[in-house]
Amino acid sequence: MKFPKGFLIGGATSAPQIEGAYNKDGKSLTVADLKYFEDIKNRKDIKETKITNSKKIKFAFENESNLFFPKRVGIDFYNNYKEDIKLIYEMGMNAFRLSISWSRIIPNVDDNKVCKKGIDFYKNVFEECKKYNIEPIVTISHFDLPYKIVKKYGGWKNKKVIDLYIDYASVVLNEFKDYVKYWIPFNEINATIFSTWVSAGIIVDKEENLLESCYQALHNQFVANAKIIKIAKKINEKFKLGCMLAQFTCYSLDCKPENVLYNLKDQQIKVYFYYDLMVKGVYPKYMLKYFKDNNINLDIELDELELIRDNKIDYISFSYYMSGVNSLTENSKVEANLVKMGKNPYLTESEWGWQIDPIGLRITLNDLWDRYNLPLFVAENGIGINDKLENDFTIIDDNRIEYLKLHLNELKNSIQDGVNVFGYTTWTPIDVISSGSNEMSKRYGLIYVDQDDYGNGSKKRYKKNSYFWFKKFIDDSLY
Ligand code: P53
């Protein structure tokens, strides 16, 4: 089966995980730059590396010269983007999802001074995409809040950050309007609840009522999202703006009605709420009840609700890596970045404990299409593997090929089911620094980067077996 005409297929990345050059050409420090590498013995137990508390931030500043900060180095895309985009093009990809770093565009955040070098860098990147007819899909904020926002305003829970984001995002929309049509204002907006540091600049041990602060930060992002949609449509009514969620599809452990209900409620809070709000433009009643039950009192203004109601998204995008299981009693859980998911006896797991479920992608796509009737875009899908570079410079990543083959097959099945999916970008076209565990060893790329967890290595790029497989898949699947 071929994809519909115009289908976008490519790879997804984010600025803090690829760029490096963290203090070059005017860029200021971000929350991502403060995560240092912590060696871990047991891959499935990475809890310690994930949570950023005030102790860790203090430690990072005090021991700066002795620690290694992987995201400061990235894979040096900042200097290597020409070669990397060419390799992406040669794989047959016609789409590239990337994010823009706020701290390159307005480094001082509230002085509104736009950094020309930052603008130039992204223009050069977009010129390369244009040269190869690659459609860029641009995330405006992907886990790299400028640190100044944390220090001065306490992160996204402060409403002042809405204005700062609008200033920044407006610059981005205007400067790159001739290159970009597809925009994602926030990466995995639900990560504000489970990954508060990178997503919202909230420090877990600094909040009196952590959950309340997180939902306030989230509300402020919803307002910013609505505002930026309004502004974007004035710049170009053809712009398409989408939401982006970490899609945690979960099943009930069994058919016991109590468990089925529990699963439904869990899916409402963790997943549907976000889509419901950004697609329908109102806070769902079940969420208001959840706030009440959990002692969450939010500062929500009437004019903000009007903005949210009047400025809705054009498409839905999400990351899909795994699925989970819910039940009231089941306590065997698998650990997958800050989220604990119930174990599914029918599925296998990746080295990092993420449960592999290709059919779950088809279930998810069908469900979201039926529920919202908005075009869908799979913004991330892939598998972390500790790949090895062989002596002859090949990389045998058959498990990745299998993972991608099965998921892409279910994507095609969904399209045949009648679901409107307009694109798919795999995480990632090229190895990057992992977000959750902050390491190089958790590789997702179809292109290998010769670099270890401490930044050592030639940084040379090598094509993995999956690169050649993907190229053929694209050749066979596009018109
Ligand atoms: P890493 C949680 C669960 C699933 C995906 O993740 C998630 C998260 C948040 O950490 O994040 C997305 O690198 C995210 C990417 C990230 C990718 O998934 O932790 O948008 O930045 O790299 C994979 O294995």
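Modeller: Start with His142: a polar side-chain atom there lies 2.8 Å from an oxygen atom of the ligand. Polar contacts here are pairs of N or O atoms within 3.5 Å; within protein, one must be able to donate a hydrogen and the other to accept it, and residues adjacent in sequence count only if both atoms are side-chain atoms. The model is predicted: local features need pLDDT of at least 70, side-chain atom pairs count only at pLDDT 80 or more, and totals for chains, interfaces and linings use all residues. Residues are numbered from 1 along each chain as its sequence is written, and side-chain values use heavy atoms, with hydrogens and water left out.

Gln17 places a polar side-chain atom 2.7 Å from a ligand oxygen. Lys442 also has a polar side-chain atom 2.7 Å from an oxygen atom of the ligand. Alone, the ligand exposes 490 Å², and the protein buries 98% of that (Shrake-Rupley areas, 1.4 Å probe; for residues, only the protein chains shown count as cover).

In total, 18 residues surround the ligand (a heavy atom within 4 Å). Among the closest are Ser435, Gly436 and Tyr444. The shell has eight nonpolar, seven polar and three charged residues (nonpolar: Ala, Val, Leu, Ile, Met, Phe, Trp, Tyr, Cys and Pro; charged: Asp, Glu, Lys and Arg; polar: the others, Gly among them).

Now the helices. α12 covers residues 210-235 and α13 residues 257-280 (DSSP runs of H or I, at least four residues, numbered from the N terminus). Their axes come within 11 Å and cross at roughly 30° (lines fitted to C-alpha atoms over the stretch in contact; angles run from 0 to 180 degrees between N-to-C directions). α12 and α13 are therefore roughly parallel (under 35 degrees).

Methods: Helices (H or I, at least four residues) and strands (E, at least two) are DSSP runs, numbered from the N terminus. Angles under 35 degrees count as roughly parallel, over 145 as roughly antiparallel, 65 to 115 as roughly perpendicular and the rest as oblique.
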